[in-house]
Amino acid sequence: MDRTIGTDHGVPAAESTPAHGKLEGNLGVFHLVFTVMAFQAPIVAFLAYTPVAILLGNGLGTPVAFAIAGVILALFAVGLLAMAKHVPNPGGFYAFITAGLGRRIGLGSSLVAIICYYFTLVGIYVLIGVSLRSLCTDLFNGPEISWWLWALTAFVAVTVLGHFRMDVSANVLTVFLVAELALVIAYDIAVVARVGIDALSLQPLSMHNIFSGSLGLALMFGVGLYGGFEATLVFREEVRDPDRTIPAATYIVIALVAALFSVSALIFINAYGGEAVLSAVGNGMGSSLASMQEYVGATAMNIAEILLVTSSFAITLAAHNISARYLYNLGVDEIIHPSVGRAHAKHGSPYMASALVGLAVLAVLVPFTVSGSDPYVFYAHFVGVYSYSLLLLLFLTAVAVPAFLLRNRADAMTTVVNSIVCPVLSIIPLGLVLIMATKNFDLLIGGSRSLATIMLIGLYGAFAGGILLATYYKRVRPDVFARIGRQE
């Protein structure tokens, strides 16, 4: 196939790369699905995300918005997986954007991806700290322990697990995810059992409610539910039979997320009943916890609070592993020091990149802790940046897919449907959602307009910095430039 890349025609893929070893693993469809689903954190999404989506999005139409977001991501996945047959590289969106839009934009996108998952990682560590402090004092009547000590404990556990091959982390994530799914499903069943399946209101499915409030914001929240599904591509070197495992896992994840969160949102609305839910969600996570207590019992609510912590731990573990693999890929390409691209001789893990991620987390958490700033505000700012960065990556990748496939139409696997129709049908809504997110970035981060502007400038500045760095490498180190995007 043609290995000229994006707008860098005439620049061949690198003939060889330095020997760094290779990541190893034995992930099957089941483990890969659960690893990605753990990042989507079902209990966090139900308790904290759904009420906010109802409040700020399209209200009673939220279940449909979640389902529409799933359709958009499914259309996106059709083109993405068609392109994956041509680009069997483990670099995730970094590799795909490079292959479609060129090495400069590809390297810029890699920095956006690192910011995306790194900000998630740091923000959720803070959430774990304050949640464990609350559990210790309020639920277990334990001593008052500073939130940062709890966060440090989680940090040590995640960093240790990140040192080993992905199979170890996948087993831990699977245990947490099963518990979360069981509780959310138990809640859904309990509400349906009390209300009666015949009495469930389908009012949220009406056209009036779908287009009420802000459908654009609702779709923005909906797309955010599917964050991390690119991990099916990032872990390519660590799965069994990637050509079969990755497509199956990708479609299963999208289908499960769409079904779980759309149905649960519909049932949550029915639990309160019509317009009453619009007033209740003003209390944020308190509304979902109260509903959990009413329908499943006080014990279930306490379990939900515990699972909120374990779910947050699962997010940090998944985000740590994805961040480490992005850095690993940059190390393999020698964009950063090649030592970061080394795989552990015994575990087949990106142990140097994992250690670097840990150091980067401490570089932010330690000064923040010393400053004594409000951890809740810090968490909102960092997670908001993650949501926006994800949208930007999805949009860039959606554009890259048809750009690449239309240059490779000779392949029998490339059709009009997967190279044009499905990608375009995902580009348009993703572009509109990205515009909406830009206009409402202050809502995403829970901060002022001026702070939102500064953060957006920083994010796009990193993107531009990657483009400039690629330009520098083309002039000074053309061999490194040729490897950008894992194009070996």
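Here are some questions and answers about this predicted model.

The model is predicted, so local features need pLDDT of at least 70 and side-chain atom pairs count only at pLDDT 80 or more, while totals for chains, interfaces and linings use all residues. Residues are numbered from 1 along each chain as its sequence is written, and side-chain values use heavy atoms, with hydrogens and water left out.

Q: What average pLDDT does the protein have?
A: pLDDT is the predictor's confidence in each residue, from 0 to 100. In this protein, 91% of the residues score at least 70, and the average is 85.

Q: In which helix is confidence highest?
A: Helices here are DSSP runs (H or I, at least four residues), numbered from the N terminus. Confidence is lowest in helix 10 (residues 231-234), at a mean of 75. At a mean of 94, the highest confidence belongs to helix 19 (residues 449-476).

Q: How many contacts beyond four places in sequence does the model have for residues 1-5?
A: Contact means heavy atoms within 4.5 Å. Over residues 1-5 pLDDT stays under 50. Where pLDDT is low, the predicted coordinates should not be read in detail. With that caution, the model's count for residues 1-5 is 19.

Q: How much space lies in the largest pocket?
A: On a 1 Å grid over the protein atoms alone, a pocket is an open set of points where a 1.4 Å probe fits, with protein on both sides within 12 Å along at least five of seven lines. Grid points are joined across faces, edges and corners, and a volume is the space filled by probe spheres set on the points. For the largest pocket this comes to about 1,100 Å³.

Q: Which residues are closest to the centre of the largest pocket?
A: Lining residues have an atom within 4 Å of a point. The largest pocket has 43 of them, and the closest to its centre are Val 44, Ala 48, Tyr 49, Leu 127 and Tyr 379.

Q: Which helix gives the most to the lining of the largest pocket?
A: Among the elements that give two or more residues are helix 1 (29-40), helix 2 (42-56) and helix 16 (375-405). The most, nine residues, come from helix 5.

Q: How far apart are the end C-alpha atoms of helix 5?
A: The expected span of a helix is 1.5 Å times one less than its number of residues. Helix 5 has 37 residues, so it should span 54 Å. The model agrees with this, since the end C-alpha atoms of helix 5 are apart by 52 Å.

Q: Is Asn 141 buried or exposed?
A: Buried means under 20% relative accessible area, exposed over 50%, and partly exposed in between (1.4 Å probe, protein chains only). Because its relative accessible area is 66%, Asn 141 is exposed.

Q: Is Glu 334 buried or exposed?
A: Glu 334 lies in the loop between helix 14 and helix 15 (351-371), and it has a positive phi of about 65°. Its relative accessibility is 19%, so Glu 334 counts as buried.

Q: Which residues is Ser 287 in contact with, leaving aside its neighbours within four places in sequence?
A: Ser 287 has its place in helix 13 and is buried, with a relative accessible area of 2%. Its contacts are Pro 51, Phe 268, Tyr 272, Ala 280 and Val 281.
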